[in-house]
Amino acid sequence: MAPRILVAEDNEDDYVLIRDAFEENALAVEFSRVKDGEELMDYLSKRTAPDLILLDLKMPRKNGLEALQEIKADPQLRLIPVIALSTSASEKDIRDAYSFGVNAYVKKPVGFTLFVDAAKRIYDFWFALARRPQTEHRS
């Protein structure tokens, strides 16, 4: 069964770039997308937990850090690995993301080739090398 990745990204071009980077590597992944933190929390409350969340920090309505805090405070969600995928290289953003429980922080690569490489590394680490606990499913 293909890993399920939930992408929380408000920018359509960035979402397409992420999806295409995984496809370029011929990685079998099932993608879902939400466009802000409120949609993210609604998705997580109603659907089967994804295997990984790629989280943009700068989103409208509820930003990524606010959603991350809620995810990591919820006993049924906190085990879902979350990667902050952001254009920001700000030390404050990185520190805040880790303080709120992010599992990894990746600055969005510039250019498709670098994004393809990052997608392969993310996939290899989270779905081939790392061992993760089973996440509980909402009923």
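Modeller: Two strands pair if DSSP finds at least two bridges between them, where strands (E, at least two residues) and helices (H or I, at least four) are DSSP runs numbered from the N terminus. The model is predicted, so local features need pLDDT of at least 70 and side-chain atom pairs pLDDT 80 or more, while totals for chains, interfaces and linings use all residues. Residues are numbered from 1 along each chain as its sequence is written, and side-chain values use heavy atoms, without hydrogens or water.

Biologist: Which residue of β3 stands opposite Val-7?

Modeller: Strand β1, residues 4–8, runs parallel to β3 and is joined to it by 4 bridges. On the other pairing of interest, 3 bridges join β3 to the parallel strand β4, residues 82–86, where Ile-83 stands opposite the residue you ask about. That residue of β3, facing Val-7, is Leu-54.

Biologist: Which residues of β3 point the other way from Leu-52 and Leu-54?

Modeller: Strand β3 covers residues 52–55, and its side chains point in two directions. Those named on both sides are buried (under 20% relative accessible area with a 1.4 Å probe, protein chains only; exposed is over 50%, partly exposed in between). Pointing the other way from Leu-52 and Leu-54 are Ile-53 and Leu-55.

Biologist: How many residues has the largest nonpolar core?

Modeller: A nonpolar core is a set of buried Ala, Val, Leu, Ile, Met, Phe, Trp, Tyr and Cys residues joined through side-chain atoms within 4.5 Å. In the largest one, Leu-40, Leu-44, Ile-53, Leu-55 and Ile-71 have the most contacts inside it, and β1, α2 (37–46), β3, α3 and β4 each supply at least two of its residues. Another core, of 22 residues and including Ile-83, Leu-85, Ala-119 and Tyr-123, lies apart from it. The largest core has 23 residues.

Biologist: Which element gives the largest share of the lining of the largest cavity?

Modeller: A cavity is a set of points on a 1 Å grid over the protein atoms alone where a 1.4 Å probe fits but cannot get out, and lining residues have an atom within 4 Å of a point. Here the lining consists of Ile-18, Phe-22, Leu-54, Leu-85, Phe-115, Ala-118, Ala-119 and Ile-122. The largest share, 4 residues, comes from α5.

Biologist: Why does Val-34 count as buried?

Modeller: Val-34 lies in strand β2, residues 30–34. Val-34 and Leu-6 are 28 residues apart in sequence, yet their C-alpha atoms are 7.5 Å apart in space. Val-34 counts as buried because its relative accessibility is 3%.

Conventions
On a 1 Å grid over the protein atoms alone, a cavity is a set of points where a 1.4 Å probe fits but cannot get out, and a pocket is an open set with protein on both sides within 12 Å along at least five of seven lines; lining residues have an atom within 4 Å of a point.
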